Amino acid sequence: MTTPAALRAFHEADDTPYRSGADRIRRQLAMIRPVVEHAVKPLTVLDLGCGDGYATARLAQLPGLAANRGHRVIGVDWSETALARARERGIGTVRAALDAGPLPFADGEADIVVMSEIVEHLVDPDAAVAEAYRVLRPGGHLFLSTPNLAAWFNRLMLLAGVQPAFSEVALSGVYGRPGDEVAGHLRLFTRRALVEFLTARGFRTIRVSGAAFEAVPAPGRPLDRLLTRVPSAAAILLAHARTPARFSRRTPAAAGGSPNAGRTHPGTPLGSRRTDAVPA
């Protein structure tokens with residue numbers, strides 16, 4: 001049986017992949033750019049599951065963020081190996097497990113939460129996304145990306161009796177499909193499932209677009225790029241969701257809410273800026 005300890009050991013390993021493809025990063029930054037460019041006050045941006053900080057550093061370099069030293073961009077991850085690499089890129093970091101208790105941030109502390117290629121790795125995505133909801137201010141922004149179970153090539157692979165891309169049956173190796181890199185994916189979403197999941201977590205104004213997958217063989221890349229225009233068939237799902245302008249901090253228990261949803265981290269006054277990231 002795969003235990004949480006085994007999963008953490010997997011993600012701590014030096015050879016665990018920490019970042020996703022260039023097209024996903026470029027498209028997600030394009031989604032975030034208008035939000036930060038129109039900010040009228042300093043922003044707090046949390047990158048949950050920041051990995052080695054490559055995409056986080058690209059985010060911090062957006063003109064709307066780089067131009068104002070009052071903005072805070074913080075990378076959060078469980079892997080100390082990944083966080084050390086993020087700090088080398090100049091990113092302030094906080095070590096925390098995303099689905100194992102409350103994050104060390106106050107209710108409503110963040111303006112933007114980014115979750116890139118992380119939700120598919122989590123044992124308890126309900127708790128992680130409920131925490132993202134809690135730490136976001138009313139009207140805050142969630143930018144989440146994840147592989148698409150219903151990607152066009154996965155539909156073809158299933159018809160041929162091949163295990164879909166992005167899916168794995170074990171941490172020990174890849175079985176039933178091409179490739180040899182174990183990514184540790186536990187949860188896979190279609191576009192419909194992702195929208196319904198985020199809606200159940202309390203998010204509104206959910207928009208989903210697509211991105212290409214860099215591992216698609218060369219003959220299939222033109223079609224992969226073309227189908228980014230059809231999110232339900234695209235390789236990667238990119239979601240932009242918002243918390244309601246006025247909302248309750250408690251996620252409905254019927255929707256699988258985290259037992260910690262609605263609670264400020266112990267010792268943290270509501271709205272305080274208690275969290276200090278480890279500096280680079």
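The model is predicted: local features need pLDDT of at least 70 and side-chain atom pairs count only at pLDDT 80 or more, whereas totals for chains, interfaces and linings use all residues. Residues are numbered from 1 along each chain as its sequence is written, and side-chain values use heavy atoms, with hydrogens and water left out.

**Whole chain.** Display the protein chain as a cartoon; nine helices and seven strands are present (DSSP runs numbered from the N terminus, helices being H or I of at least four residues and strands E of at least two). Of its 280 residues, 51% are buried (under 20% relative accessible area with a 1.4 Å probe, protein chains only). Among contacts (heavy atoms within 4.5 Å) with a separation of 6 or more, 75% join residues 24 or more positions apart.

**The cavity.** The structure holds one cavity of 30 Å³ or more, and the largest cavity has a volume of about 80 Å³. A cavity is a set of points on a 1 Å grid over the protein atoms alone where a 1.4 Å probe fits but cannot get out, and lining residues have an atom within 4 Å of a point. Points are joined across faces, edges and corners, and the volume is the space filled by probe spheres set on them. Select Arg 24, Ile 25, Gln 28, Leu 29, Ile 32, Asp 47, Ala 55, Thr 56, Leu 59, Val 114 and Ser 116 to show the lining of the largest cavity. Two or more of these residues come from each of helix H2 (22-37), helix H3 (54-60) and strand S4 (110-116). H2 gives the most, with five residues.

**Helix H2.** Next, select H2, which has 16 residues and reaches 22 Å from its first C-alpha to its last, close to the 22 Å expected at 1.5 Å a residue (1.5 Å times one less than the number of residues). Centre on Met 31, where a kink of about 30° lies shortly before Pro 34; the bend is the angle between axes fitted to the seven residues ending there and the seven starting there. Buried positions in H2 include Asp 23, Val 35 and Val 36. Their cover and that of the other buried H2 residues includes H3, helix H4 (63-66), S4 and strand S5 (136-147).

**Helix H6.** Finally, select residues 125-135: ten of the eleven residues of H6 are buried. Among them are Pro 125, Glu 131, Tyr 133 and Arg 134. The buried residues of H6 pack against strand S1 (44-48), S4, S5 and helix H8 (191-200).

Notes
1 Å grid on protein atoms, 1.4 Å probe; cavity = no way out; pocket = protein on both sides within 12 Å on 5 of 7 lines; lining within 4 Å. Buried < 20%, exposed > 50% of the residue type's maximum accessible area, 1.4 Å probe, protein only.
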